[in-house]
Amino acid sequence: MLIILSNPIFSQNTGEISGFVRDARTEEPLIGVTVRLEDGALGSTTDINGFYTIENIPTQSFNVTASYVGYQSSTRYNVVVRSGGNPNLNFTLEEAVDELSEVVVQASPFEKRSETPNSIQRLSQEEIATYPGGNNDIAKVVQSLPGVSGSVGFRNDVIIRGGAPNENVYYLDGVEIPNINHFATQGSAGGPVGLLNVSFIEGVTLSTSSFPAQYDNVLSGVLQFDQRNGDPQNRRLNFRLGASEAALTLEGPLFKKPAEDSLANTTFIFSVRRSYLQFLFQLIDLPFLPDYWDYQYKINHKIDDRNEINLIGIGSLDDFQINPPDDITQDQQATLDQVPVIQQWTSTIGVSWRKRFREGKGFFRATLSGNILNNDFRQYADNVNETDLVFSNESEEDENKLRFELTNFLNDWTLNSGFLAQYSRYENTTTDIVNNVSFETNLDFFRYGVFAQASRSFFNERFTPSFGFRVDGNTFTDDGNNVLNTFSPRVSLAYNASPRWTLNASWGRYYKILPYTVLGFQNQDGEFANRDGDYTRSDHYVAGLEFLPRRSTRLTLEGFYKDYADYPISVRDGVSLANLGGDFSVLGNEEIITDGRGRTYGLEFLLQQKLTRNFYGILAYTLYWSEFTGIDGVYRPSLWDNRHLLTFTGGYKLPRNWEIGLRVRYLGPAPFAPVDLETSTDTYPIFFFDYDELGDTRLGAFNQTDIRVDKKWNFTRWTLNLFLEIQNVLGSNLPQSPSYVLARTDAGQVAQPRNLVEIDEADNSATLPTIGVVIDFSW
């Protein structure tokens with residue numbers, strides 16, 4: 001390899017990019033669109049399919065612009081051109097108000113929608129792939145955006161504006177997926193490792209408020225992952241070796257390659273990933289071994305010019321095993337005692353039919369999908385020999401959904417409407433020795449919902465209001481069929497004071513049904529104790545200001561207030577469930593009351609720079625408060641109340657295809673609940689916490705700096721990318737709450753009488769360097 005890399009004979013200094021250009025409103029292909037590199041030297045025009053190809057491009061990074069008479073031109077920033085394996089670069093163009101050919105109208109490159117004018121961000125494929133410290137993990141990448149934090153440590157909990165991890169929903173090409181992580185916490189969505197393959201993703205859009213009406217069951221955030229289609233002309237192979245797994249992705253025409261200058265009607269993209277963390281952990285004698293597989297696929301078929309079918313799927317297989325070290329330390333003993341034994345698998349499959357109406361009058365999308373989460377979670381007093389069971393949860397969540405979304409264009413109005421019909425099945429066998437709980441549940445019921453939204457621009461696109469509502473119901477809870485209880489109105493307003501200044505505001509009411517783990521809980525009499533639980537409600541009030549000092553730069557300032565009602569509270573612990581779900585246990589499986597209140601509020605600042613003069617970056621700061629009531633009705637800071645959240649993520653393009661990236665992340669001191677030592681001594685390895693003191697004790701502040709260096713080589717029809725990633729380059733210590741373990745004798749036996757001793761705080765300030773390899777082939 002070194003000989004090949006050092007020999008210029010093998011190198012190739014040009015590549016090509018291609019893709020589709022469509023009308024942003026109707027999704028019709030646009031013919032004759034000019035697509036050019038930023039220097040204007042190279043370009044092409046789209047054909048009858050809206051498809052273009054630009055050849056003989058130097059292998060480096062460019063900004064690429066698509067322009068068309070009567071439309072606002074659109075620029076894609078930081079497009080990396082390789083000699084092989086370039087994914088399609090697609091554009092959608094908005095119609096311009098002034099259609100004079102002499103007028104050149106430039107569209108903002110930053111995401112904005114009429115129904116979501118504020119609290120929305122989008123990351124491109126290249127921004128995701130080169131994110132420092134992200135390890136190609138999308139759940140970590142979105143933490144660079146304003147208002148988004150995560151659990152301190154190795155978990156991937158997505159905390160949005162102080163809300164709990166289970167307040168978010170995730171959509172993959174319009175198909176809802178229950179979680180985006182391996183070893184997911186049931187009833188929540190966080191876990192240590194993401195399961196989405198970044199090689200599939202064309203972009204990710206995050207909405208932290210002003211949610212469009214088609215999204216249900218959301219209180220804090222909607223993450224939409226747009227998958228690209230397979231290449232319609234050539235076959236491509238991508239191999240990636242990262243810090244924790246190896247991934248292989250294959251794409252292209254599903255059947256034989258089409259003739260030159262033609263496009264396949266049916267394409268595919270498929271990947272499989274395999275972890276190797278378990279081998280590394282065993283090598284360095286860690287007490288647990290996380291082992292996982294995952295797969296992902298998409299098949300796209302164009303029936304004709306107006307009809308298209310997509311088949312997508314994603315799944316995972318997780319195995320969390322115990323690995324007793326030879327010479328065990330006190331810290332390792334605590335981990336060995338307290339980690340669960342987990343076997344989990346997930347599967348989601350969906351098929352969607354999209355049809356465009358004639359004369360650009362609209363389109364619809366019908367989606368049929370199903371997903372399963374199977375979770376076998378066990379914890380023993382002796383995890384090594386799997387004896388003295390203290391807790392077990394064997395469960396399966398199964399959902400089958402039909403979603404229908406209709407978009408009509410009536411003069412200047414855009415009308416969206418549709419419905420959801422869902423059949424849910426939940427089976428659970430739980431044994432909780434500590435709390436004297438044992439039950440077996442076999443639950444099935446229907447969920448349904450209807451929505452509508454209308455948007456229009458006035459005064460030459462300067463003022464854009466949007467109004468919408470949705471109602472939801474179910475056949476299980478006591479008031480589930482009273483849909484007036486979940487009437488969810490929403491309104492958003494955007495006013496363009498000038499081409500550079502925009503004022504945005506929104507208000508909305510959103511509802512979420514209780515998790516299956518809560519709904520399916522049964523008391524000792526075999527009754528569904530939480531059947532009378534209400535939907536959780538959240539009212540969002542948001543106002544913001546956007547300023548574009550130049551086309552590639554954006555500054556935003558937003559204020560937000562979220563008011564929660566009917567939040568579930570644990571009867572056993574007396575604490576809001578908003579504080580739970582950030583560990584490896586199961587959220588739910590207990591009696592609750594829906595009397596809780598909550599509030600999160602604050603200010604967000606964002607400075608974003610698209611690729612200009614070889615530099616790009618995002619600087620985001622959030623000042624916020626997050627407070628929820630317990631059973632006593634007293635507001636206390638939640639576990640996610642860091643107050644201060646600061647992130648910077650940026651990169652600089654160097655000559656000869658070198659690139660350096662930097663991520664700096666700071667989280668203010670987070671509250672934690674101290675361990676109730678007296679109770680926990682008897683129940684160890686299960687801990688009880690004193691939630692009355694939540695907010696009186698806080699961790700230290702968290703900060704981490706990560707650096708990534710990329711180097712790309714281009715050869716005939718294949719490319720090689722090597723990267724060095726150094727996490728925690730400054731050696732910052734990870735704040736953690738006090739941890740405890742049972743005292744033991746010199747012989748390793750539990751000392752009598754039982755006594756919990758605090759473990760000396762471990763030095764976890766290590767700097768972690770990793771090397772990654774990405775290889776792309778095309779033929």
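1. Strands here are DSSP runs of type E with at least two residues, numbered from the N terminus. In this predicted model, asparagine 374 lies in strand S23, which covers residues 362-382. Its side chain makes a polar contact of 2.8 Å with the side chain of glutamate 396. Beyond four places in sequence, asparagine 374 touches Gln343, Gln344, Trp345, Ser395 and Glu396.

2. The largest nonpolar core holds 32 residues, and Ile128, Ile138, Tyr170, Leu196 and Phe225 touch the most other members. Elements that each supply at least two residues of this core include helix H3 (138-141), strand S11 (168-172), strand S16 (221-227) and strand S33 (615-629). Another core, of 19 residues, lies apart from it, with Leu514, Leu580, Ile592 and Tyr691 among its members.

3. Leaving aside neighbours within four places in sequence, the contacts of tyrosine 170 include Val158, Pro165, Val175, Glu176, Leu223 and Phe225.

4. Glutamate 176 also takes part in a salt bridge with lysine 401, at 2.8 Å from N to O. The pair links distant parts of the chain, since glutamate 176 is in strand S12 and lysine 401 in strand S24 (residues 387-410), 225 residues apart. Glutamate 176 counts as buried because its relative accessibility is 12%, and lysine 401 is buried at 3%. Both belong to a network of salt bridges that links Glu176, Asp216, Glu399, Lys401, Arg403 and Arg447.

5. The structure holds 44 salt bridges. One of them joins lysine 302 and glutamate 308 at 3.3 Å, N to O; lysine 302 is partly exposed at 21% relative accessible area, whereas glutamate 308 is buried at 18%. In another bridge, the closest N and O atoms of arginine 643 and aspartate 641 are 2.8 Å apart. Arginine 643 is partly exposed at 24%, and aspartate 641 is buried at 0%.

6. A nonpolar patch on the surface is formed by Phe239, Leu241, Leu248, Phe270, Val272, Trp293, Leu317 and Trp345, with about 660 Å² of accessible area together. Strand S17 (236-241) and strand S19 (266-275) give two or more residues to the patch. Leucine 248, in strand S18 (residues 245-253), counts as partly exposed because its relative accessibility is 40%.

7. Proline 674 sits in the loop between strand S36 (658-667) and helix H7 (677-683). Its relative accessibility is 17%, so proline 674 counts as buried. Not counting residues up to four places away in sequence, proline 674 touches Phe688, Phe689, Asp690, Glu693 and Thr697.

Terms used. Residues are numbered from 1 along each chain as its sequence is written. This is a predicted model: local features need pLDDT of at least 70, side-chain atom pairs count only at pLDDT 80 or more; totals for chains, interfaces and linings use all residues. Side-chain values use heavy atoms; hydrogens and water are left out. A nonpolar core is a set of buried Ala, Val, Leu, Ile, Met, Phe, Trp, Tyr and Cys residues joined through side-chain atoms within 4.5 Å. Buried means under 20% relative accessible area, exposed over 50%, partly exposed in between (1.4 Å probe, protein chains only). Helices (H or I, at least four residues) and strands (E, at least two) are DSSP runs, numbered from the N terminus. Contact means heavy atoms within 4.5 Å. Patches are made of residues with over 30% relative accessible area and no salt bridge: like charges are joined within 9 Å, nonpolar side chains (Val, Leu, Ile, Met, Phe, Trp, Tyr) within 5 Å. Accessible areas come from the Shrake-Rupley method with a 1.4 Å probe; for residues, only the protein chains shown count as cover. A salt bridge is a side-chain nitrogen of Lys or Arg within 4 Å of a carboxyl oxygen of Asp or Glu. A polar contact is a pair of N or O atoms within 3.5 Å; within protein, one must be able to donate a hydrogen and the other to accept it, and residues adjacent in sequence count only if both atoms are side-chain atoms.
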